[in-house]
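Have the structure open as you read.

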Amino acid sequence: MENRKRVKVIHHKSAIPVYGAALVFLLWGLISPIYRLWAIALACITSAGAYLGLRLAFPGRDETVVEALLTGDPELDAEITKGRETLARFRAAASRAGDGDLQEKLNRIAAAGEAITEEIVRDPKDRDAANTFYGYYLPALDKLLNYYVSFLSAGRGENVSEGRRRIENSLGMVAEAFEKQLDKMYKNEAMDVKTDIALMETMLRMDGLADKNQTAMGKGGNNV
């Protein structure tokens, strides 16, 4: 999958040079007749010198920020941003889940959902699929997660236990469905790979660089 993130370096200036220059100006005001023009000029020059010297000593720091890219379509990008927030909550819930099976299901949903999002950003042509994913599936899952948290805080009871069991079962089904949806999104790429490999094999045979029955799977194997 194409990397859909952008790295940006943000420079944060240090505040020390500003405070230092202000302190120097203040000290000049205490020890010199600052009401005179020459004293004001000298205070400004000294403060500027202090500022430049402190800038060299305290240049600040650079922060590397990784930004998730969007499609450029305001409406779709709003859905993607909201969807990423929902998937982040699933990641957080998975990290807090005490049950291993539940944690696995939540992580699978989050991983598949994130991969689906990245693929939508890479190729946002299928708006119907994107609208269904962000407009129904993720909000419905978010609602189920809220119910589950509510059931956990409710303690024990027949209805509470039944509700938790149903949600846990549905999460496994959703995880599998998301993974299938992600696989379907790579159908065109898989066909392109098959075509490219078949063409390459034909060229290799024509140039006498590969045996007649040799394929990408090895001699006598099946074509990809």
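Start with α3: the cover over its buried residues includes α4, α5 and α6, where contact means heavy atoms within 4.5 Å. This is a predicted model, so local features need pLDDT of at least 70 and side-chain atom pairs count only at pLDDT 80 or more, while totals for chains, interfaces and linings use all residues. Residues are numbered from 1 along each chain as its sequence is written, and side-chain values use heavy atoms, with hydrogens and water left out.

Which residues of α3 are buried? They are Leu76, Asp77, Ile80, Gly83, Thr86, Leu87, Phe90, Ala93 and Ala94. Buried here is under 20% relative accessible area, exposed is over 50%, and partly exposed is in between (1.4 Å probe, protein chains only). The helix itself covers residues 74–96, 23 residues in total, and reaches 33 Å from its first C-alpha to its last, close to the 33 Å expected at 1.5 Å a residue. That expected span is 1.5 Å times one less than the number of residues.

Thr117 sits in helix α4. Thr117 counts as buried because its relative accessibility is 0%. Leaving out residues up to four places away in sequence, Thr117 touches Ile80, Arg84, Leu87, Phe133 and Tyr134.

Now the pocket. On a 1 Å grid over the protein atoms alone, a pocket is an open set of points where a 1.4 Å probe fits, with protein on both sides within 12 Å along at least five of seven lines; lining residues have an atom within 4 Å of a point.

The lining has 27 residues, with Ile116, Ala129, Phe133, Tyr137 and Gln181 nearest the centre.

By type, the lining splits into 16 nonpolar, four polar and seven charged residues; Ala, Val, Leu, Ile, Met, Phe, Trp, Tyr, Cys and Pro count as nonpolar, Asp, Glu, Lys and Arg as charged, and the others, Gly among them, as polar.

Zooming out, the protein has seven helices and four strands. These are DSSP runs numbered from the N terminus: H or I of at least four residues for helices, E of at least two for strands. Of its 224 residues, 25% count as buried.
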